[in-house]
Protein chains: 2
Amino acid sequence: MANEEKDLRGLAGRIYDLDEEVYRELGSSLGRVFNGKKADCIEETVRMMHERNEAHILRNELALISNMARTIPDDESRRRIMRKYDAILKEVTELPTSFIKGDILDQKMAQLNALNLSSRFSDSDHLIICIGRTYGCGGSEIGFTLADTLKINYYDVEIFDEVLKRLEAEKSTVHDRGGYPYKKNGKDERQYLNEIPAFAPAPKSTLKEKFREFNRYHGLPKKDAVFFNQSDLLCDMAKREDFVVMGRCADAILTNNRIPHISIFITAPLEQRIHRVMEVRKVENEKKARHLLTRLDKAHIKYYKYYTGRNWGKARNYDLCINSASYGIQGSVDLIMRMISQEK
Amino acid sequence: MANEEKDLRGLAGRIYDLDEEVYRELGSSLGRVFNGKKADCIEETVRMMHERNEAHILRNELALISNMARTIPDDESRRRIMRKYDAILKEVTELPTSFIKGDILDQKMAQLNALNLSSRFSDSDHLIICIGRTYGCGGSEIGFTLADTLKINYYDVEIFDEVLKRLEAEKSTVHDRGGYPYKKNGKDERQYLNEIPAFAPAPKSTLKEKFREFNRYHGLPKKDAVFFNQSDLLCDMAKREDFVVMGRCADAILTNNRIPHISIFITAPLEQRIHRVMEVRKVENEKKARHLLTRLDKAHIKYYKYYTGRNWGKARNYDLCINSASYGIQGSVDLIMRMISQEK
C-alpha cells in the first residue's frame with residue numbers, strides 16, 4: 001500500500017473514531033454518523049477522499065459530527081474533541097480533492113476588485129467606489145456620506161456635468177443637462193426624469209440643428225458624445241484621485257479600461273422606495289410615486305444595457321449589493337466602511 | 001426676521017464665502033460655484049434650505065466646493081478651508097430639510113436584521129446567517145468555512161435531513177431524500193438535481209400509496225410536509241443556537257416567524273459557475289454544465305416562489321448579495337467576517 005493511501009486510511013480511521021467518541025460522550029439518541037462496520041466505513045471514506053465530486057458528502061459528515069460535538073455539556077471533553085475535530089478538518093481541507101479546492105475566484109474580476117482581500121491592490125491604484133442605485137433607495141445620500149467619511153471626492157451626474165462644463169467652457173461644450181433643476185418650478189415628472197439627464201426626452205430640434213450636432217460630435221448622436229466625454233473624464237480622474245462615483249455606468253467603463261475599483265449596487269424594496277420618494281421628493285400620492293419609480297427603473301435598465309451590454313441591478317454584475325432598507329443610510333455607510341477597512 | 005431665518009442666512013453666507021475663498025486659493029480656471037451677486041446667491045440658497053426636495057442640489061454644491069478645496073496645494077490653507085467646510089456640512093445635515101433626512105431604513109426589516117448597525121440586537125437573540133446561493137458559485141463552501149470560522153453549526157439540506165431522520169426515527173419519518181448521492185454511481189443529471197431534493201422529480205407512486213401519504217401528512221402533499229417539518233425544525237433551532245443555514249427558504253421562514261437573522265445571497269457570473277461545475281463536479285462538457293445550471297436556476301426560482309411568494313436572487317430581498325467570483329471562497333468568508341465583527 002502506498003504511503004499516501006496509508007495516510008488517507010489513517011485519517012479516515014480518526015474520523016470514524018471521533019464519531020464514536022462524540023456518540024459515547026453524548027449517549028445521543030441521535031445516533032452516529034457511521035453505522036456500519038469500522039473497516040467498511042473507512043473503505044467508503046477513503047474512496048470519497050479520492051473523488052472531488054464527493055467532497056461535499058465528507059464535508060457534511062464532518063459538519064454532522066461537529067454539530068453534535070458542540071452540544072457536549074462537559075467543557076473539558078468538548079474542548080478536547082473539538083481540538084481533534086479541528087485537526088482532522090484541517091487535514092481534510094488540505095487533500096487535493098478537498099471541498100475547498102477549485103475556487104470560484106475569477107482572476108480577471110479579482111484583479112479589478114480593489115476590495116479583494118487575498119490580493120491587496122497596489123499602492124499606485126486609487127480607491128474608486130462605483131455605486132449603482134435604484135431611485136429612492138437613499139443611494140446618493142449613502143454615496144455622499146461615504147465620500148465625506150473617507151474624505152474623498154464625490155461625483156454624480158450633476159457634478160460631472162459641472163466639471164465638464166467648466167473644463168470645456170472654452171470649447172464647444174458637450175454636456176447633458178438642459179435645465180438645471182433649480183431653475184424649474186414645475187412639479188411634473190420630467191423634473192425627476194431630468195435629474196438622470198440621459199433618460200430625459202431629447203429636446204425637439206430642427207433638421208439643421210441635428211446636422212450641426214452630428215458634425216460637432218464626430219458623427220455621434222449627442223447622447224453618445226456626452227457618454228464618451230464622461231467616460232474619458234472618469235478614466236482620467238481614476239488615474240489621479242480617490243473618489244466615489246454614482247451611476248454613469250462607471251463600473252462598466254472602469255472594467256473595460258482595466259482600472260481597479262469596487263462596484264456596489266444599492267437598492268431597497270419598491271414599497272420602501274415609494275414611501276421615501278413621497279416623503280423626500282414631495283410626490284403627492286402613492287400611485288404617482290409608483291408610476292415614477294417603475295418608469296425610472298425601466299429607463300435605467302435600458303440606458304445601462306445600451307452602453308454596457310450588461311444587466312443593470314443583477315447581483316452577479318457587482319461585487320456587492322446592499323439592501324438599504326435593512327441598514328438605513330448611516331448603517332449602509334458603516335457597513336461599507338467596515339468592508340473597506342484593511343484592518344481585520 | 002425670525003431668528004431661525006437669520007441663522008439660515010448666516011449659514012448661506014458662509015457657504016458663499018467658502019466658495020469665494022476656495023476660488024481665491026486656487027485661482028481656478030474651473031470658476032466658482034456661485035457666480036451671481038452675493039445677496040441673490042444667499043437668497044437662493046436660503047430658499048433651497050427650506051425645500052427638502054432641493055436638498056440634493058445644495059448637497060451637490062457643497063460637494064463641488066469641497067472637491068475643489070481638496071486640490072489646494074498648500075497644506076495649511078487646505079486644512080483650514082476643509083475645517084470650515086466640515087463645520088458647514090455638519091450644520092447643513094442638521095437642518096430639518098437636510099438631504100440626510102428621511103431615511104430609507106425600514107423598521108420592520110431593520111429589527112429582523114441582526115447585522116443592523118444602529119440597533120444592535122438583544123443578547124438573547126442568536127446569530128443566524130441564512131445563505132441563499134446559485135449552484136456552482138462556491139456558496140456552500142463559503143457557508144461551511146464561515147460556520148467553522150465562527151465555530152457555530154452548519155446546516156444544509158443533507159444535514160437537515162439527517163437531523164430530521166434521527167429526530168423522527170421512531171415516528172413515521174418525513175424526509176425529503178430518495179437516494180443519498182453516495183449510494184449512486186450514475187453520472188446523469190439527476191445526481192445533481194437530487195442534491196437539492198425538493199427539486200428532484202417525485203418518485204412514481206400508485207394511487208394507493210398516494211392516498212396513504214395524503215393521510216400521513218395531514219392532507220398535505222409530501223413535499224409540503226417536508227417543507228413544513230423543516231420550517232418547524234429551523235424555528236426551533238433558532239431559539240437554541242447560533243448557526244449558518246444554506247438555502248431552504250430559511251430567510252423567508254425566519255422573517256415570517258419574526259426571528260432576527262442576516263440574509264445573504266451569493267452568486268457569480270454564469271461563465272465562472274460553468275467552469276467551476278466542470279472542474280469540481282466532473283461534468284464532462286461545457287454544454288452539459290450550462291444546461292444543468294440553467295435548469296437548476298429555474299427549479300430554484302420556482303421552488304422559492306412557491307414556498308415564499310418572493311423572487312429568489314433579487315437583491316432587494318436580501319440584506320446583502322456577494323459576487324463570489326470577485327472575492328473567492330476565503331475572500332468572501334473574510335468579507336462576511338468583517339461585517340459581522342461588532343468592532344469597527
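Me: Before anything else, what counts as contact here?
Reply: Contact means that heavy atoms lie within 4.5 Å. The model under discussion is a predicted one.

Me: How many residues does the contact take from chain B and from chain A?
Reply: Chain B contributes 97 residues to the contact, and chain A contributes 97 residues.

Me: And what area is buried between chain B and chain A?
Reply: About 8,600 Å² is buried between the two chains, and carbon and sulfur atoms give 54% of that area.

Me: How many salt bridges does the rule find across that interface?
Reply: The rule finds 6 salt bridges across the interface of chain B and chain A. B:Lys151 forms a salt bridge with A:Asp86, with the closest N and O atoms 3.8 Å apart.

Me: What is the count of residue pairs in polar contact?
Reply: Between chain B and chain A there are 22 residue pairs in polar contact, both residues being at pLDDT 80 or more.

Me: Which helix gives the most to chain B's side?
Reply: Helix 14 of chain B, residues 324-340, gives the most to the side that touches chain A, with 12 residues. By class, that side of chain B has 40 nonpolar, 24 polar and 33 charged residues.

Me: Back to B:Lys151. Where is it found?
Reply: B:Lys151 sits in the loop between helix 6 (139-150) and strand 2 (153-155) of chain B. Its phi is positive, about 55°, although B:Lys151 is not a glycine.

Me: Is B:Lys151 buried or exposed?
Reply: B:Lys151 counts as exposed, because its relative accessibility is 53% and the cut-off for exposed is over 50%.

Me: What about A:Lys151: where does it lie?
Reply: A:Lys151 lies in the loop between helix 6 (139-150) and strand 2 (153-155) of chain A. A:Lys151 is exposed, with a relative accessible area of 54%, and its phi is positive, near 55°.

Me: Which residue follows helix 6 of chain A, and how many of the helix's residues are buried?
Reply: Helix 6 of chain A is followed by A:Lys151. In the helix, 10 of the 12 residues are buried, so helix 6 of chain A is largely enclosed by the rest of the structure. Among the buried residues are A:Glu141, A:Phe144 and A:Leu150.

Me: Changing topic, how many residues of helix 3 of chain B are buried?
Reply: In helix 3 of chain B, 15 of the 15 residues are buried, so this helix is largely enclosed by the rest of the structure. Helix 3 of chain B covers residues 55-69 and reaches 21 Å from first C-alpha to last, close to the 21 Å expected at 1.5 Å a residue.

Technical notes. Residues numbered from 1 in each chain as written. Chains lettered and ligands numbered in written order. Predicted model: local features only at pLDDT ≥ 70, side-chain atom pairs only at ≥ 80, totals over all residues. Heavy atoms only, no water. Helix = DSSP H or I, 4+ residues; strand = E, 2+ residues; numbered from the N terminus. Expected span 1.5 Å × (residues − 1). Buried < 20%, exposed > 50% of the residue type's maximum accessible area, 1.4 Å probe, protein only. Buried area = accessible area lost by both parts, 1.4 Å probe. Salt bridge = Lys/Arg side-chain N within 4 Å of Asp/Glu carboxyl O. Polar contact = N/O pair within 3.5 Å; in protein donor to acceptor, adjacent residues only side chain to side chain. Nonpolar A, V, L, I, M, F, W, Y, C, P; charged D, E, K, R; others polar.
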